[in-house]
Amino acid sequence: MNKSRIELLDVVALTVDLPEYNLYRGQVGTVVELLAGGAAFEVEFSDRNGRTYESVGLRPEQIMVLHFEPASPDSVRSMVTA
């Protein structure tokens, strides 16, 4: 599973604090829109009941894609060298 691009509907976590939005590193959201040709992303943060409490445009370095399946050793190696 070698995935270097962030895509629509990816589940992501913040890698930085954004106190101006009351969002902090580790909070989980969903990419709901690709902005600037994929150079930025609209990420929606929802509560346990599915109600959106914040939606904010973020740069790739502010988020990381969460993976729900084990990665093969080959895909991990190619991500490290990319």
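This is a chat about a predicted model, taken one topic at a time.

Reader: Let's start inside. How many residues does the largest nonpolar core have?
Author: The largest nonpolar core has 13 residues. Those with the most contacts inside it are Leu14, Val43, Phe45, Leu58 and Ile63.

Reader: Which strands supply at least two residues of this core?
Author: β1, β3, β4 and β5 each do. β3 covers residues 40-46.

Reader: And where does the largest share come from?
Author: From β3, with three residues.

Reader: Back to Leu14. What is leucine 14 in contact with, leaving aside neighbours within four places in sequence?
Author: The list runs Leu23, Tyr24, Arg25, Gly26, Gln27, Phe45, Leu58, Gln62 and Ile63. Phe45, Leu58 and Ile63 are also among the core residues with the most contacts.

Reader: Gln62 is on that list. Where is the place of glutamine 62?
Author: Glutamine 62 sits in the loop between β4 (52-58) and β5 (63-65).

Reader: Is glutamine 62 buried or exposed?
Author: Buried. The cut-off for that is under 20% relative accessible area. Glutamine 62 has 10%, so it counts as buried.

Reader: What does glutamine 62 touch, leaving aside neighbours within four places in sequence?
Author: Glutamine 62 is in contact with Ala13, Leu14, Thr15, Val16 and Leu18.

Reader: New topic: strands. How many bridges join β1 to β2?
Author: Three, and the two strands run antiparallel. Valine 12 stands opposite glycine 29 in β2.

Reader: In what sense do β1 and β5 pair?
Author: Antiparallel, over three bridges. Valine 12 turns up here too: valine 65 is its bridge partner in β5.

Reader: Where do side chains point in a regular strand?
Author: They alternate between the two faces of the sheet.

Reader: Now valine 28. Which strand is it in?
Author: Valine 28 is in strand β2, residues 28-35. With 41% relative accessible area, valine 28 is partly exposed.

Reader: What is valine 28 in contact with, leaving aside neighbours within four places in sequence?
Author: Val11, Val12, Ala13, Phe45 and Leu66.

Reader: What separates the C-alpha atoms of valine 28 and glutamate 44?
Author: 8.8 Å. Along the chain, valine 28 and glutamate 44 are 16 residues apart.

Reader: Let's do charges. How many salt bridges does the structure hold?
Author: Three.

Reader: Why would such side chains pair?
Author: Opposite charges can pair when their charged atoms come close.

Reader: What does arginine 5 pair with?
Author: Arginine 5 forms a salt bridge with glutamate 7, and their closest N and O atoms are 3.4 Å apart. Arginine 5 is exposed at 57% relative accessible area. Glutamate 7 is partly exposed, at 32%.

Reader: And which side chain does arginine 51 meet?
Author: Aspartate 47, at 3.3 Å from N to O. Arginine 51 is exposed, with a relative accessible area of 51%. Aspartate 47 is partly exposed at 29%.

Reader: What about glutamate 61?
Author: Its salt bridge is with arginine 59, with the closest N and O atoms 2.7 Å apart. Arginine 59 has 44% relative accessibility, so it counts as partly exposed.

Reader: Last one, the surface. Which residues make the nonpolar patch?
Author: Leu8, Leu9 and Leu34 make a patch of about 300 Å².

Reader: Where is leucine 8?
Author: Leucine 8 lies in the segment before β1, which spans 11-14. The residue is partly exposed, with a relative accessible area of 46%.

Methods
Residues numbered from 1 in each chain as written. Predicted model: local features only at pLDDT ≥ 70, side-chain atom pairs only at ≥ 80, totals over all residues. Heavy atoms only, no water. Patch = residues over 30% accessible without salt bridge, like charges linked within 9 Å, V, L, I, M, F, W, Y side chains within 5 Å. Areas by Shrake-Rupley, 256 points an atom, 1.4 Å probe, with all protein chains shown as cover. Salt bridge = Lys/Arg side-chain N within 4 Å of Asp/Glu carboxyl O. Helix = DSSP H or I, 4+ residues; strand = E, 2+ residues; numbered from the N terminus. Buried < 20%, exposed > 50% of the residue type's maximum accessible area, 1.4 Å probe, protein only. Contact = heavy atoms within 4.5 Å. Core = buried A, V, L, I, M, F, W, Y, C linked by side-chain atoms within 4.5 Å. Pairing = 2+ DSSP bridges.
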